[in-house]
Structures are given as structure tokens and as C-alpha cells.
Amino acid sequence: MKLILTADVDNLGVPGDTVEVKDGYGRNFLLPCGLAIVATRGAEKQVEGIRRAQEARQVRGLEHANELKQAIENLAAVTLTVKTAGGSGKLFGSVTPADVAGAIKAAGGPVVDKRSVELPKAHIKATGKHAVSVSLHPDVTAKFDLDVVGA
């Protein structure tokens, strides 16, 4: 089965790669998880768009990672407004890395990949200030305070 990857898959390829996989692996895993699309003429035209989107999100070297670190750490305030359960400060759910990545972008910071966001615990489940770090490069990590406020 010939597929075009839409996400990074371990031991297979990066977004935009055209790969040949066994039918069961493609039909039962890659396609349902949204990691690939079937390689057709129309889909091959989309490959360039997939590659451009991936390159825009990718950190390009140590210098670029240091620039992103400065941009994140120089943000005045990264605030995330969430629903709370009562007046105790507990949340109706939790703050995930995707929520933090969206809050960074909303605060005027750069676009970061949700997989690079490292929360102090698995998820944030209370209001207040929380120390969060973003791993931009193996040698560069940006640290900032996330202020979670109730709505």
C-alpha cells in the first residue's frame, strides 16, 4: 500500500514522505490515526504543502532555538483562562500541553509544538502560577510561568 505521511512516524519517515507499507499496517494504524493519507494524484500535489507546514514548525538549529527561547522568556505574561469547579480553584478537567502551546501563541509568542511542552506534572489541575518549560533543542530549554485563572 502506497501512503503519504502527514506526521512523523518512528522508523518510517517524516511528513510528506511517500512510503510503501503492508496493507494491514496502513489500513489499521496509519490511516485511522491520521498519520498518513492514501497516495493519489491529488494527494501528491498536497505533499509540498505538508512539507512547507512542517518546515515552518521545525526549529532550525541552535541559533534559531536560542531566538525562540528569548522570545518565550521575554513574554510579559502567559495567561490561560479555564473553567473552574466551584470556588476552590480546582479545574473542570486539566491543562494539557496543547493548551499551553495555544496560550504561548495567544500571548504573542512563537508557535511551539505541543510535544515539546513539559508540564510540572502530567497535567495542571488547579489555578495559580505554574512553572512550565519548552524543550526547543536538545541543548536549549525555555522556562516561564504560566498563570492559570478561572473563568
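Biologist: How many aromatic pairs does a search of the whole structure find?

Modeller: One. Rings of Phe, Tyr and Trp (its six-membered ring) pair if their centres lie within 6.5 Å. Before we go on: this is a predicted model, where local features need pLDDT of at least 70, side-chain atom pairs count only at pLDDT 80 or more, and totals for chains, interfaces and linings use all residues. Residues are numbered from 1 along each chain as its sequence is written, and side-chain values use heavy atoms, with hydrogens and water left out.

Biologist: Where do Tyr 25 and Phe 29 lie?

Modeller: Both are in helix α1 (residues 23-30), four residues apart, about one turn of the helix. Helices (H or I, at least four residues) and strands (E, at least two) are DSSP runs, numbered from the N terminus. As a general point, an α-helix has 3.6 residues a turn, so residues three or four places apart point the same way.

Biologist: Why is Tyr 25 called partly exposed?

Modeller: Buried means under 20% relative accessible area, exposed over 50%, and partly exposed in between (1.4 Å probe, protein chains only). Tyr 25 has 33%, so it is partly exposed, and Phe 29 lands in that class with 35%.

Biologist: Why does Glu 67 count as exposed?

Modeller: Its relative accessibility is 53%, so Glu 67 passes the cut-off. Glu 67 is in helix α3, and its C-alpha atom is 9.9 Å from that of Pro 110, 43 residues apart along the chain.

Biologist: How do you know that the length of α3 agrees with what it should span?

Modeller: The expected span of a helix is 1.5 Å times one less than its number of residues. For the 13 residues of α3 that gives 18 Å, and the end C-alpha atoms are 18 Å apart, so the two agree.

Biologist: Which residues of α3 are buried, and what makes them line one face?

Modeller: They are His 64, Ala 65, Leu 68 and Ile 72. Down the axis they fall within an arc of 100°, so they line one face of α3. The arc is that of the directions from the helix axis to the C-beta atoms. On the other side of α3, Glu 63 and Glu 67 are exposed. The cover over the buried residues includes α4, β9 and β10.

Biologist: How do you know that the buried residues of α4 sit on the same side?

Modeller: In helix α4 (residues 97-106), the buried ones are Val 100, Ala 101, Ala 103 and Ile 104. Their arc around the axis is only 160°, which puts them on the same side of α4. Exposed Lys 105 and Ala 106 are on the face turned away from that buried side.

Biologist: What makes His 130 buried?

Modeller: Its relative accessibility is 18%, so His 130 counts as buried. His 130 is in strand β9 (residues 128-137). Leaving out residues up to four places away in sequence, its contacts (heavy atoms within 4.5 Å) are Pro 120, Ile 124, Phe 144, Asp 145, Leu 146 and Val 148.

Note on methods
Rings of Phe, Tyr and Trp (its six-membered ring) pair if their centres lie within 6.5 Å; planes under 30 degrees apart count as stacked, over 60 as edge-to-face and the rest as tilted.
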